[in-house]
Amino acid sequence: MGCGHFGTDVSYLPDLEAYLADLLRNRERLAAFANADPWAKAEATPSDDEVARVRRLVQRVRQDLDELTDEDRAQIREAVALVRRSRGVLLGMPRVRQPLPDLRPERTG
């Protein structure tokens with residue numbers, strides 16, 4: 001149940017809400033696009049099922065938050081802010097630049 005792209009982790013709630021807003025915006029844009037072939041609009045339009053799944057997931061996370069005390073919600077907000085900041089940091093392999101092209105191919109090593 002739910003969307004395979006996002007977990008139900010509360011730290012993903014802003015991403016889920018943005019994704020849902022994008023789905024709804026795209027649906028409206030495509031509905032207003034009069035010159036497209038019906039099959040193209042049908043293929044590009046987010047399905048009702050996808051929108052419903054994301055809505056349910058957002059609703060479930062919000063419900064879970066609503067059941068908490070104010071103190072617990074405040075602690076979760078702090079933890080979510082920390083987690084989301086750490087997601088923005090890119091830790092990984094260093095990048096290696098592409099070698100520059102040899103501008104004089106007649107030259108030997």
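The largest nonpolar core has ten residues: Leu13, Leu16, Leu20, Leu23, Val51, Val54, Leu57, Val58, Val61 and Leu65. By nonpolar core I mean buried Ala, Val, Leu, Ile, Met, Phe, Trp, Tyr and Cys residues joined through side-chain atoms within 4.5 Å. Buried is under 20% relative accessible area, exposed over 50%, partly exposed in between, with a 1.4 Å probe and protein chains only. Two elements, α1 (13-32) and α3 (48-66), each give two or more residues to this core. The largest share, six residues, is from α3.

This is a predicted model, where local features need pLDDT of at least 70, side-chain atom pairs count only at pLDDT 80 or more, and totals for chains, interfaces and linings use all residues. Residues are numbered from 1 along each chain as its sequence is written, and side-chain values use heavy atoms, with hydrogens and water left out.

Contact here means heavy atoms within 4.5 Å.

Next, Serine 11, in the segment before α1. Serine 11 is buried, at 2% relative accessible area. With residues up to four places away in sequence again left out, Serine 11 touches Val80, Val83, Arg84 and Arg87.

Now the whole chain. There are four helices and zero strands, in the order α-α-α-α from the N terminus. Helices (H or I, at least four residues) and strands (E, at least two) are DSSP runs, numbered from the N terminus. Of the 109 residues, 17% count as buried. Among contacts with a separation of 6 or more, 67% are between residues 24 or more positions apart.
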